[in-house]
Amino acid sequence: MRIGLLTEGGYPYATGESRLWCDRLVRGLAQHEFDVYALSRSARQEAQGRVRLPPQVRRVRTAPLWAPQGDGRAYGRRERRRFAGCFGELADAICAPDGEGAGDRFADGLYGLAELAAERGGLHTALRSETAVRTLEAACRAPGANRAVRTAKVSDHLETVGLLERALRPLSLDWYDAQGLGAVDLCHAASGGSAALPGLLAGRFFGVPLLVTEYGVQLRAHYLAAGGTSRSVPVRTLLAAFHGRFAAEVYARAALVTPGNAHARRWQERCGADRAKLRTVHPGMESGRFAVVGEGSDGGDPRTLVWVGRVEPAKDLVSLLHAFVEVRKEEPQARLRIVHSRHGQDAGATAYLAHCEALAAQLFPDEAADAHAVGDNPVSFEDIGGPGAADLADAYAAGSVVVLSSVVEGFPVSLVEAMFCGRATVSTDVGAVVEVIGGTGLVVPPRNPRTLADACVALLRDPRRRERLGAAARARALELFTVEQNIAAFRSIYLELISRCPVRREALGTDGEPLLFANPAEAHVPGRWAGGGAGGGAPGPRWAKGAGAARPVGTGAGPGAGERDV
């Protein structure tokens with residue numbers, strides 16, 4: 001079959017969140033063809049290039065989210081009136097409290113703008129026009145509007161309109177035709193948010209089913225990011241309402257949503273996702289690189305704790321350092337190795353690292369055996385790739401216990417890597433930690449140095465318990481979190497969706513005329529045995545399945561097939 005893979009800020013670019021798992025997915029499903037539709041986040045990302053693509057990627061189409069793509073068209077009176085009506089529906093929906101049909105009004109406005117952009121163009125200019133600002137202002141002052149947006153000033157309206165224009169830029173792309181997304185059998189969005197918007201329109205215009213995978217919930221990420229900005233309360237309220245309505249629409253229209261863990265699943269359910277559409281698919285991680293450590297007999301230095309990851313405030317290294325003070329009181333020979341990566345580190349992370357290094361120097365002055373010896377600090381900060389940790393496997397092999405001290409965490413990648421290495425772990429109860437560890441490690445409350453220290457001391461003093469927990473952790477990780485299980489899950493999901501929600505296309509001959517009897521009549525008869533449609537239903541008999549397809553699955557025939565615009 002032909003898959004339209006939708007990404008934002010990731011694959012096929014060399015940097016980004018979804019780069020690794022998308023690349024593994026595409027390479028693992030070599031029997032399918034992939035058309036990649038990618039939204040880039042910055043000029044820097046585009047300049048850093050793309051990963052090498054396998055031959056099953058037949059086509060790549062990209063568009064920048066960071067730069068407006070105006071077409072120079074201006075609306076006449078009729079188009080302006082139509083735009084004001086559609087944008088007014090969307091603005092009313094984000095200004096109104098929950099309920100009262102706000103979701104339906106949001107969908108009407110969103111798809112109305114999409115149809116206007118497809119027919120007339122010019123949406124970028126219209127969304128930044130005075131008409132848009134006045135329409136939003138009227139919605140904020142309408143009776144029944146959310147109290148927090150009634151105090152919005154003109155500057156707030158201008159800022160919000162600009163941010164909405166950026167979020168709605170995918171509506172103006174030229175991807176929505178029979179040679180683009182209309183030619184695929186299934187759209188797979190690698191995240192929610194902007195990446196899913198082209199999939200919504202492909203379903204609206206062509207009936208293509210949409211699969212949405214979220215390893216990090218976009219709405220949650222928006223809420224966390226909004227708290228650190230200087231935007232006014234009305235602007236934050238309007239943006240939160242827009243993203244909330246959009247997430248609900250994505251979940252409502254998707255044929256299936258695959259969260260990466262139970263933590264993400266709970267967020268999706270709170271945002272209106274139907275439980276029947278949710279199916280957890282854990283991220284797939286490469287286990288081979290940790291095989292030597294995991295299968296070896298060396299359990300690491302029995303006195304050393306290891307922390308691995310990116311240094312940032314959410315990792316709460318301050319609590320870890322204070323916990324290690326208590327560990328040293330019980331185990332004076334204990335050491336703590338903090339192994340981190342500087343790749344992609346911003347100024348805030350650099351400052352936090354410097355703060356942690358200064359705190360470690362203050363809490364643990366260099367110790368010397370006598371007046372003539374050089375002091376040694378029991379806490380070390382090391383770069384991955386440095387002398388003590390040439391790679392990740394070496395970092396985990398250095399100690400007998402791996403610690404995770406985060407206060408905010410989605411899917412704990414470093415924890416799974418430690419499990420692959422067969423190491424006992426002590427983790428804080430955040431994000432998907434409990435789901436991942438599953439009883440094969442110790443879990444403590446976050447921001448509790450005393451409890452964290454007690455758990456670490458308990459494992460340092462019990463080598464047999466460390467060995468049992470490490471072996472159980474490795475077995476669990478190999479069963480649930482490998483690339484192979486991830487690919488197998490999506491292979492099954494693709495086949496299920498294409499059989500349950502086949503795209504109905506009109507088959508044309510070489511002369512452009514419809515082919516008679518290309519689609520058996522029974523494929524259009526309603527009933528349990530008729531093969532199901534976009535709305536689901538029970539599967540039909542084997543001879544009726546896929547009968548409505550205009551081209552054989554996997555042949556690549558049809559408009560745009562074989563094009564490799566890379």
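User: Let's start with contacts. Which residues is Thr 7 in contact with, leaving aside its neighbours within four places in sequence?

Analyst: A contact list tells you what sits around a residue in the fold, and this one comes from a predicted model. Here Thr 7 touches Ser 18, Cys 22, Tyr 37, Ala 38, Leu 39, Ala 190 and Ala 195. Thr 7 itself belongs to strand E1, which covers residues 2-8.

User: Is Thr 7 buried or exposed?

Analyst: You read that from relative accessibility, with buried meaning under 20%. Thr 7 comes out at 1%, so it counts as buried. Across the protein chain, buried residues make up 51% of the 566 residues.

User: What lies 2.5 Å from a polar atom of the Thr 7 side chain?

Analyst: That's the backbone oxygen of Tyr 11.

User: What about empty space inside? How many cavities of 30 Å³ or more does the structure hold?

Analyst: Rolling a probe the size of a water molecule over the atoms shows where empty space is left. In this model there are two cavities of that size.

User: Which residues line the second largest cavity?

Analyst: Its lining is made of Asp 316, Ser 319, Ser 405, Thr 428, Pro 445, Arg 447, Asn 448, Pro 449 and Leu 452. Sorted by class, that's three nonpolar, four polar and two charged residues.

User: And the chain as a whole: how many helices and strands are there?

Analyst: Count 20 helices and 12 strands. Of the chain's contacts with a separation of 6 or more, 73% join residues 24 or more positions apart.

Conventions. Residues are numbered from 1 along each chain as its sequence is written. This is a predicted model: local features need pLDDT of at least 70, side-chain atom pairs count only at pLDDT 80 or more; totals for chains, interfaces and linings use all residues. Side-chain values use heavy atoms; hydrogens and water are left out. Helices (H or I, at least four residues) and strands (E, at least two) are DSSP runs, numbered from the N terminus. Buried means under 20% relative accessible area, exposed over 50%, partly exposed in between (1.4 Å probe, protein chains only). A polar contact is a pair of N or O atoms within 3.5 Å; within protein, one must be able to donate a hydrogen and the other to accept it, and residues adjacent in sequence count only if both atoms are side-chain atoms. Contact means heavy atoms within 4.5 Å. On a 1 Å grid over the protein atoms alone, a cavity is a set of points where a 1.4 Å probe fits but cannot get out, and a pocket is an open set with protein on both sides within 12 Å along at least five of seven lines; lining residues have an atom within 4 Å of a point. Grid points are joined across faces, edges and corners, and a volume is the space filled by probe spheres set on the points. Ala, Val, Leu, Ile, Met, Phe, Trp, Tyr, Cys and Pro count as nonpolar, Asp, Glu, Lys and Arg as charged, and the others, Gly among them, as polar.
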